[in-house]
Every structure is written in C-alpha cells, then in structure tokens.
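Have the viewer open as you read.

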Amino acid sequence: MTSPAPPVRLTVPQARRIALAAQGFADRQHREPPPRPTAAHLQRVIDRVGLLQIDSVNVVSRAHLLPVFSRLGPYDPALLERATSRRPRRLVEYWAHEASFVPPETHRLLRWRMARIADEGWGMIRRAGEQPELLAAVEAEIADHGPLTAVELERRLDEDVAAGRLQVGARQGNGYAWNWSGVKRALEYLFFVGRVTSAGRTPQFERRYDLPSRVLPPAVHDAPDPEPADAIRELVRISARAHGVGTEQCLRDYFRLGPAQVKPAIADLVEAGELVPATIDGWKRPAYLHVDARRPRKVRARALLAPFDPLVFERTRTEQLFGFRYRLEIYVPREKRVHGYYVLPFLLGERLVARVDLKADRAGGVLLVRSAHVEDHVEDRAHVAAELHAELRAMAGWLGLGDVVVEPRGELAPALAAAGA
C-alpha cells in the first residue's frame, strides 16, 4: 500500500498568491479588463467565485455588484440584473454564505438545508411554519399572480385579513433591523424551505417571489434531490476551488457548513486526490490545496474590495493571508468607529495596502472618500495613493459620478488628495 504523500509546505506569500489566483485576480481579464464586458466575462467571474453575497446597504453600490467590478472593472450592471431575473437564469437566490446569488445547480445542492429548517433556520422564520393556513394562502396567491413582492402580496391579502378570514399575527423584529409582518414571515419560511423562490429584485431591492418551477431551469427543478452527503461534498469542492488553498474553517465558511458535515467531505476529496494536505508557515491549522489551483509567482492586481467580497469575507483568513485586520463598523456607534462606516480594502499587487471609507453622493454627483488609511508595511505612500486614486476614478465613472472628493481624515488622505489634484 502506497503511503500518502507528505503535506505540501507553503509560505504565506505563496498561499496568498494561490488565493488571489483562485478568485480571478491573476487572470488576464483582470489585468487587462475588456472594454465592454459581456455575459461570458460575467460567467467566468461566477465560475471563479461560486457565489455573490447579497446585502441591502447601498452606500456605494449593492454588495453583489461590487465583486464583479473588482475583477472586471467598469461593466454594465444590467448584465447581473439579466443573470438574476431573465431566463435562462445564470444566478438564483438562496441562503448560501448568508443571502447569496448562486448558480441554479448550486441551489439544488442546498435542498438538504431547505429540509432542515428546524436546525438551519432561525426562530422567527421557523415559527411561521406553525400557520399552515397562512402559508397555503400565500403560496396560492403567488401561484396565481406571481412574481410578487411582500408588499404586493400583503395588499392582495388585505381583504381576507380585514374580514378575519386569515390570521397573520403582529409584526415582529429582531430589535434592530427587521420589522416583519406575518405575511413577510410566511414568505421567508416558504423561501427557506424551497416552496417559493426569488425571481429577481426590484429597483428598491425587494425580492419578487415566485414558484421555483417558473424560476429554475427545468433540468434543475426536475432533478431528484441529491443525497445530503453528496451535496455537501460538492459544496466543499466549489469552496475549495474558490479558495485555492484554505483550512477546514475556510472551506466550511463559504457555504456556512458545520464541522461534522465538512470533515467527511474533505476526507473524501483528499482520498480522491482533489485536495492535497498542506501546511502554511505560521498557521496552526492544517490546510488543503486544490489540485488544480494555480500557483503564480507574481500577481499584479488592483482592486477595491467590498466588505462582502469572497476574498475577504472570512476575516480570520483575511488576517492570516494579508496581515490585514478587517472589521465591518456599520453597526458600531459613529464615535467608536476606527476607520469608518463602509470601508473597502484596497488590493495592490499581492497585498492589501490601504482602506477607504466610501460614500456615493448621488445628489452631489461625487464619490466621497470619508477617510483613507494606509497599512504599516507600505513604504511608498505616494505610489499607493496614485494607484488608489486611479481606481477610485474608475469606480466613480462606473457609478455614474463625476468626481472623487477626498475628505481630510486618515493618514493617507493628504497624499490621496494630492494624487487627484
């Protein structure tokens, strides 16, 4: 019997370059963006990252739009809108890494999660399952009149609610961000268990709920449910390709999987030769290298990264790979924020070299830099400032804004303002 090969040993810079290549930052289409990105370019990004996290905050742009800009440069957001709302859909919505757009085939791999709402769902949604009459009424209305937003559905059911024929319950919230009606809770229950799905979003970013049979491609909708172990193994396979190299924690986080689910999947993929055990200098946990991962000697990237970009949304990994401690401060009181409300890391070459707190001032027609900070390892601030300002100008143009305005906060702000003078 042949002994297993010893783990591959990697330095942190090697692991960092592998991770960047896996996410598309070593691709030619990143170094030399196409003048008019097409659906084929978008598909290549989707194939690389596997999912796009969704978030409603629109202080710069919707969260799922930014990772594509980071990899392709200025592109027409209508490409993504068509991919999520027109047939044949390239992306559909479900709970993957939080709320996410995923390829339809990945949606099928998450059916085990739909069946496990008692374990996977949160309380306010689970309790909606205790109102079968309301669920049936909501589902029937969508079947007859969908796609519908929650507000549209509430209006359609108003008469039955007012007449006492339908009980919906009082509004409930989480004490901070949500204040959901009974109809909305029912919709989210049906969405979680897969009885309804999203047919896209409105310009106000409201879900348009419809039946899965009218949204998913027939080949996906009609396919039998995969065995949970097979589905989870495939999700880990997608995660491993998107990481290039990562620990078990990294591979779990991409689709919010548990240790008991992921360990057998990793073992199967190692045995099959798809994952190669690896050690990364200074990392306490073992890692796994995807057998097809590119191992470039150099990466020449330049990108602003959204807080929910797949490259950085696992914060421990970000700190280990880049020496970059990153915390989202949206929910931190203003006076306690260190770097700002909506801070984007700046990737230059192979390192995260700076961070900027951005706001798209659409009324004023400018991209505001509320603060600009540089990392301690940076020696040439003027160079970083010049490259960052060029990327900010590209982003402003993509957002339809006319100028970049740098406010005097942060040690990089003076050099950044001078770069735009």
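## Ground rules

This is a predicted model, so to speak of local features takes pLDDT of at least 70 and side-chain atom pairs count only at pLDDT 80 or more, while totals for chains, interfaces and linings use all residues. Residues are numbered from 1 along each chain as its sequence is written, and side-chain values use heavy atoms, with hydrogens and water left out.

Helices (H or I, at least four residues) and strands (E, at least two) are DSSP runs, numbered from the N terminus.

## Helix α3

Take α3, residues 39-49: L42, V45, I46 and V49 are buried there (under 20% relative accessible area, with exposed over 50% and partly exposed in between; 1.4 Å probe, protein chains only). Those buried residues sit within an arc of 100 degrees seen down the axis, so they line one face of α3; the arc is taken from the directions from the helix axis to the C-beta atoms. A40 and D47 are exposed on the face turned away from the buried side.

Just past α3, G50 has a positive phi of about 85 degrees.

Most residues other than glycine have a negative phi, and most peptide bonds are trans. E98, in strand β4 (98-102), has phi near 60 degrees and is partly exposed at 33% relative accessibility. F205 has phi near 75 degrees, sits in the loop between β7 and β8, and is buried at 10%.

Two cis bonds turn up too: R87 to P88, omega near -10 degrees, and G146 to P147, omega near 5 degrees.
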